[in-house]
Amino acid sequence: MTEGRCLCGTVRFEIDGPFSSMLHCHCSMCRKHHGTAFATFVAAPLAGFRFVAGEESIAKYDSSPGFHRSFCKVCGSVLPEGMPAIGLVVCPAGDLDGDLGIEPQMHMFTGSKAAWYEITDGLPQHEEYPPQFGMQGTARSKVETHGDAAQGSCLCGGVAYEVTGTPLRFYYCHCSRCRHARSAQHAANIFYRADGFRWVRGADLVQDYQLSGAQFFGVAFCRRCGSKVPRVSVERGVVNVPAGSLNNDPGIRAQAHIFVDSKAPWDRITDSIPQFTEMPPRR
Ligand SMILES: [Zn+2]
Ligand SMILES: [Zn+2]
Ligand SMILES: [Zn+2]
């Protein structure tokens with residue numbers, strides 16, 4: 001039995017397993033909902049799945065006809081979806097701790113992949129759904145470019161922002177907090193100076209969650225759709241932009257994998273980006 005939870009711990013659930021599939025999805029909806037390069041999902045029999053706490057704190061957003069995406073109202077973590085028609089529960093792997101008895105098998109919706117992310121692991125890649133799913137894909141996302149500001153928005157379109165200035169750093173963080181905050185294999189965070197950042201619309205829709213006991217760790221998300229959006233740290237004068245929320249190519253590429261000592265057992269780093277056990281030394 002595998003236990004899962006959102007970042008704040010309000011929503012908890014159990015999955016008996018076994019996990020039958022594990023895949024990475026690069027579609028623009030997953031990238032925005034999680035704020036990362038891609039989402040990773042595991043599937044298991046629905047009969048062996050149950051919520052054990054916090055079901056009343058789950059919000060749902062209808063992302064396409066007949067399909068919704070769930071998230072925790074308090075912290076924004078993406079939550080499992082039961083799919084009665086196929087008898088499966090589909091769960092973001094970042095919600096789960098420990099060895100899952102399965103490893104990633106393929107990438108899907110690589111036709112919508114972020115320009116700043118390179119796939120290097122040699123797993124099969126499908127432009128949309130893999131053929132064995134027998135499903136039609138949705139429209140592919142287009143990368144928009146306007147001037148030199150990095151621009152982004154949430155899945156429902158209620159929140160939009162832009163940020164100018166040179167990015168300070170771009171890290172893939174594998175720590176347990178980021179895995180639960182993004183419900184993903186790792187976070188993809190680009191930091192800019194806060195004075196170049198502005199909300200274009202929907203600042204009133206942004207929900208902020210500060211992890212208790214942590215000095216700086218928190219998450220900002222759209223309270224309507226659950227998408228991860230930038231979080232401004234006034235004290236530090238920086239804004240953390242979840243790269244998956246961007247609509248255009250920020251130019252910069254990831255500079256480091258950080259907190260790799262905390263990565264998930266099924267997470268294999270196969271690219272040549274420098275790795276640090278915790279934080280890299282400050283330049
Ligand atoms: Zn939560
Ligand atoms: Zn997806
Ligand atoms: Zn939204």
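Predicted model: local features only at pLDDT ≥ 70, side-chain atom pairs only at ≥ 80, totals over all residues.
**Exercise 1. The site of ligand 3**

Determine which residues hold the zinc ion (ligand 3), and what geometry they form.

*Solution.* 
Step 1. The donor atoms are the SG atoms of C154, C156, C222 and C225, at 2.3 to 2.4 Å from the zinc ion (ligand 3).
Step 2. The angles subtended by the four donor atoms run from 101 to 116°. Four donors are classed as tetrahedral if all angles lie between 85 and 135 degrees. The arrangement around the zinc ion (ligand 3) is therefore tetrahedral. For four tetrahedral donors, the ideal angle at a metal is 109.5 degrees.
Step 3. Along the sequence, the donor residues are spaced C-x1-C-x65-C-x2-C. C154 belongs to the loop between β11 and β12 (160-163), and C225 to the loop between β17 (218-222) and β18 (228-229), so this pair ties together parts 71 residues apart in sequence.
Step 4. C154 is buried, its relative accessible area being 2%.

**Exercise 2. The site of ligand 1**

Describe the site of the zinc ion (ligand 1), and state where C8 and C72 lie.

*Solution.* 
Step 1. C6, C8, C72 and C75 coordinate the zinc ion (ligand 1) through their SG atoms, at 2.3 Å.
Step 2. The angles among the four donor atoms are 103 to 115°, and the site is tetrahedral.
Step 3. The spacing of the donors along the chain is C-x1-C-x63-C-x2-C. C8 is in the loop between β1 and β2, whereas C72 is in strand β7 (residues 67-72); the pair links distant parts of the chain, 64 residues apart.
Step 4. C8 is partly exposed, at 23% relative accessibility. C72, by contrast, is buried, with a relative accessible area of 0%.

**Exercise 3. The site of ligand 2**

Identify the donors of the zinc ion (ligand 2) and their spacing along the chain.

*Solution.* 
Step 1. The zinc ion (ligand 2) is coordinated by the SG atoms of C25, C27 and C30, at 2.1 to 2.3 Å.
Step 2. These donors follow the spacing C-x1-C-x2-C along the chain.
Step 3. C25 is buried, at 2% relative accessibility, and C30 is also buried, at 3%.

**Exercise 4. A three-stranded sheet**

Work out how the strands β1, β2 and β5 are arranged.

*Solution.* 
Step 1. The three strands form an open sheet in the order β1-β2-β5, and their pairing is antiparallel.
Step 2. β1 (2-5) and β5 (49-53) each have a single partner strand and stand at the edges, so one side of each has no neighbour in the sheet.
Step 3. Neighbouring strands of this sheet are turned by 25° against each other on average, direction ignored.
Step 4. Strand β2 (residues 12-15) and β5 run antiparallel and are joined by four bridges. The bridge partner of I15 in β5 is F49.

**Exercise 5. Nonpolar cores**

Where does I15 stand in the packing of nonpolar residues, and which residues does I15 touch?

*Solution.* 
Step 1. The largest nonpolar core has 58 residues. I15 is one of those with the most contacts inside this core, along with L7, F19, V42, L96, L100 and F217.
Step 2. Leaving aside residues up to four places away in sequence, I15 touches M1, T2, A44, G48, F49, V89, C91 and L96.
Step 3. A second, separate core has 22 residues, among them F38, A150, Y172 and A254.
Step 4. Nonpolar side chains tend to be buried together in soluble globular proteins.

How values were computed. Residues numbered from 1 in each chain as written. Chains lettered and ligands numbered in written order. Heavy atoms only, no water. Pairing = 2+ DSSP bridges. Helix = DSSP H or I, 4+ residues; strand = E, 2+ residues; numbered from the N terminus. Axes fitted to C-alpha atoms, helices over the stretch in contact; angles between N-to-C directions. Donors = N, O, S within 2.8 Å, 3.2 Å for Na, K, Ca; no water. Tetrahedral: all angles 85-135°; square planar, octahedral: opposite > 155°, others 65-115°. Buried < 20%, exposed > 50% of the residue type's maximum accessible area, 1.4 Å probe, protein only. Core = buried A, V, L, I, M, F, W, Y, C linked by side-chain atoms within 4.5 Å. Contact = heavy atoms within 4.5 Å.
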